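Let's take a walk through a protein chain together.

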Amino acid sequence: MLFWIIAAGLSAIVLAALLAPLRRRDENEAPAPDVAFYKGQMSEIENEHERGLLSEEETERARTEIARRLLAADRSGRREALGRGPAWPAAALGAVVLIGGAFLVYADLGAPGLPDQPLQARLAAAQELRAARPSQQQAESRAPATPVQAPQEYLDMVAELRAAVPERPEDLTGWTLLSRHEAALGNYTAAARAQERVIALKGAAATFEDRLALIDRMVAAAGGLVSADVEERLTQLLAERDDAAGPLYYMGLLHAQTERPDLAFRYWKRAIEQGDPAAPHVALARAQIPRAAALAGVDYSLPPLPGPSAADIEAAGEMTAEDREGMIRGMVEGLASRLAETGGSAEEWARLIGALGVLGERERAAAIWAEAQQVFAGTPDLEQVRAAAREAGVEG
């Protein structure tokens with residue numbers, strides 16, 4: 001209610017400011033020149049009559065003639081004023097457009113049905129949302145199934161793996177493959193359990209990437225929810241590497257889910273600025289940060305994706321063919337190493353296969369294509385990689 005009182009008061013002030021100049025103009029507006037002239041003549045005739053210079057009959061004739069001219073001049077002045085247009089109706093229309101437009105904009109962008117939300121109340125509500133999150137187990141049980149279409153031979157292979165691996169509980173390779181393929185099929189809960197086994201078998205040797213992969217699977221299994229269990233693991237990862245894009249993205253997602261877009265924006269901004277633009281977590285942060293910035297009241301523009309500088313292009317043009325091939329091979333080896341260690345997007349896999357095809361390393365390109373079929377099995381991304389393999393001549 002207080003908001004509407006303030007809005008009404010400000011509207012009244014604006015309206016008064018619009019109408020004040022018009023009111024002063026109407027009050028101070030001088031009569032038409034002809035009217036003033038004839039009124040002056042009428043006064044002179046009365047003076048001359050009182051001094052005896054004009055007879056009663058002459059005075060009456062003069063009065064009649066000047067009155068006729070005065071009425072004509074007054075009518076002419078009114079027509080001229082009407083030609084200029086009435087000021088008050090125009091002012092009223094402007095006020096309606098201005099004030100009505102402001103309320104329409106607020107009705108579209110604001111939330112007129114919501115009560116006042118002081119900062120402390122909003123912070124308390126966000127904390128309550130955070131405390132009321134379901135557990136990881138509860139979230140997984142409620143999450144809808146997300147089956148993925150895949151070739152029958154691949155489904156049979158995963159079914160065999162699913163049956164065989166539990167019989168070899170110490171088989172690290174088997175559990176690693178099971179976790180990867182269950183995730184590829186959208187069986188994220190099973191993938192998370194398999195990844196937990198991977199970490200248990202590795203013990204202290206479990207890598208940062210192993211634990212981040214578990215978080216990926218847990219969040220997906222919970223339908224996208226960042227549970228308290230996941231938050232605890234994220235805190236541990238950030239304590240080790242506070243610039244890691246994966247944990248930064250998920251911490252931002254947690255705050256976005258608990259009505260703290262300001263904190264979500266801060267985490268996602270760090271992920272974008274400090275992470276590899278090609279990494280999937282950075283891509284997710286870039287996709288979601290504009291809304292968080294808008295809700296947080298921050299004017300933010302995404303930084304452009306990096307590309308080769310003008311100096312790099314000029315330097316490449318001056319290279320010999322051997323040097324240029326060496327540079328390309330260095331980039332290819334770097335990309336291959338990163339995909340092997342941390343994975344990557346379908347676009348990066350396709351780029352690697354295409355580059356190997358250009359370099360004439362068809363056997364290696366075929367091996368990368370075979371691995372990509374397992375990584376992206378049953379997903380739309382596989383077609384993008386398949387197109388690169390077809391171009392490189394290794395699809396068959």
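Which helix does V198 lie in? V198 lies in helix α9; helices here are DSSP runs of H or I with at least four residues, strands are runs of E with at least two, and both are numbered from the N terminus. Before going on, keep in mind that this is a predicted model, where local features need pLDDT of at least 70 and side-chain atom pairs count only at pLDDT 80 or more, while totals for chains, interfaces and linings use all residues. Residues are numbered from 1 along each chain as its sequence is written, and side-chain values use heavy atoms, with hydrogens and water left out.

Back to V198: it counts as buried because its relative accessibility is 2%. Buried means under 20% relative accessible area, exposed means over 50%, and partly exposed is in between, using a 1.4 Å probe and protein chains only. Leaving aside neighbours within four places in sequence, V198 is in contact (heavy atoms within 4.5 Å) with L172, W175 and T176. V198 and L178 are 20 residues apart in sequence, and their C-alpha atoms are 9.8 Å apart in space.

Now zoom out. The chain has 19 helices and zero strands, and 30% of its 396 residues count as buried.

So what's inside? In soluble globular proteins, nonpolar side chains tend to be buried together. A nonpolar core is a set of buried Ala, Val, Leu, Ile, Met, Phe, Trp, Tyr and Cys residues joined through side-chain atoms within 4.5 Å. The largest one here has 35 residues, and I215, V230, L234, Y250, L253 and W268 have the most contacts inside it. Helices α9, α10, α11, α12, α13 and α14 each supply at least two residues of this core, and α12 gives the most, with seven. Take I215: leaving aside neighbours within four places in sequence, I215 touches V230, R233, L234, L237 and Y250. Apart from this core lies another, of 20 residues, among them I353, A372, V385 and A389.

Finally, head to helix α1, which runs over residues 2–28 and holds I6. I6 counts as partly exposed because its relative accessible area is 46%.
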